[in-house]
Amino acid sequence: MATSEAPPPDIRAAFEAAKGFMPPEEGRALYAAAADAARGLRLPLLEIGSYCGRSTLLLAEAARRAGTVAVTVDHHRGSEEQQPGWEYHDKELWDAGAGAMDTLPFLRRTLHAAGLEEHVVAVVGRSPRAAAVFGPGTRFGLVFIDGGHTDAHANADYDGWVPQLAVGGLLAVHDVFPDPADGGQAPYRIWQRAVTSGAFAEVSVTGSLRVLRRTAPGQ
């Protein structure tokens, strides 16, 4: 993988300005993976967990350059830790009328400001339902899992979308923390599923971002 490949300055600036939690060095690694997958397979790139579009920008730019598209899936009501009273709650994202979080307008603004709206298909809904709609015949060049961090949500994302990753494509998992003191363990456990499945080879480790290449069909 061309790990030295970096997003252009305007996209890097947009990434750093957008709401989100991914550090710049992990963003560069994600962009390199997305660019590699898009260029190599010319298939759509998939993101589970759009939030406000910080990482979506990177997939969208990689897709634009390769002549494909980024698909991003999120219900936009926030994950568990983003709800009122929790550590990552952002009051600006609270929709008082709905009595719920709403990150969708922020995703749209982020993509519009960067000129990347036409290179993204934003799916608004729960990940398992969306995966069932796309179905087993769909193939992606990259699957980036950064959705809910409970075991139930992480495993549902893995079960729903990883079978749709093409052989030769890349699986990226965010917030992988081998030490429980550093963070939740659900992303770590799905990374372990991939590693022990025999269908993946690890490509890179950057902070909490793990990138693996599918080498064989299956789970």
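## Buried residues and a predicted model

A residue counts as buried when its relative accessible area is under 20%. Keep that cut-off in mind as you look around this structure, which is a predicted model. Of the 219 residues of the chain, 50% count as buried.

## The chain as a whole

Let's start with the overall picture. The chain's secondary structure comes to seven helices and nine strands. Its radius of gyration is 16 Å, close to the 17 Å that the globule rule gives for 219 residues, so the chain is as compact as a globular protein of that length.

Take the contacts between residues at least 6 apart in sequence: 71% of them join residues at least 24 apart. The chain exposes about 9500 Å², and carbon and sulfur atoms supply 53% of that area.

## The seven-stranded sheet

Seven strands form an open sheet with mixed pairing, and their order is β5-β2-β1-β6-β7-β9-β8. At the edges are β5 and β8 (200-206), each of which pairs on one side only. From one strand to the next, the twist averages 15°.

Within this sheet, strand β6 (residues 140-145) and strand β7 (residues 165-173) run parallel and are joined by five bridges. I145 has V173 in β7 as its bridge partner.

## A closer look at β2

Strand β2 covers residues 70-74, and five of its five residues are buried. Which way do they point? A70, T72 and D74 point one way from β2, while V71 and V73 point the other way, and all are buried.

Strand β1 (residues 45-48) pairs with β2 in the parallel sense over four bridges, and L45 stands opposite A70 in β2. Between these two strands the chain crosses through helix α3 (residues 56-66), and this β-α-β crossover from β1 to β2 is right-handed. Strand β5 (residues 120-124) also runs parallel to β2, with five bridges joining them. Here V71 has V121 in β5 as its bridge partner.

## Helices lying across strands

Helix α5 (residues 127-134) lies across β1, β2, β5 and β6, and runs at about 140° to β2. Helix α7 (residues 186-197) lies across β6, β7, β8 and β9 (209-214), and its angle to β9 is about 25°.

## Some residues in the loops

R42 lies in the loop between α2 (24-41) and β1. Its phi is near 55°, a positive value in a residue other than glycine. Y51 is found in the loop between β1 and α3, and has a positive phi of about 50° although it is not a glycine. Is Y51 buried or exposed? Y51 has a relative accessible area of 13%, so it is buried, as the cut-off is under 20%.

E92 sits in the loop between β2 and β3 (94-95). Leaving aside residues up to four places away in sequence, E92 touches K19 and F106. How far apart in space are E92 and P136, which are 44 residues apart in sequence? From C-alpha to C-alpha, E92 and P136 are 38 Å apart.

Definitions and conventions:
Residues numbered from 1 in each chain as written. Predicted model: local features only at pLDDT ≥ 70, side-chain atom pairs only at ≥ 80, totals over all residues. Heavy atoms only, no water. Buried < 20%, exposed > 50% of the residue type's maximum accessible area, 1.4 Å probe, protein only. Pairing = 2+ DSSP bridges. Right-handed = clockwise from strand over helix to strand, strands pointing away. Rg over C-alpha atoms; globule rule 2.2 N^0.38 Å. Contact = heavy atoms within 4.5 Å. Areas by Shrake-Rupley, 256 points an atom, 1.4 Å probe, with all protein chains shown as cover. Axes fitted to C-alpha atoms, helices over the stretch in contact; angles between N-to-C directions.
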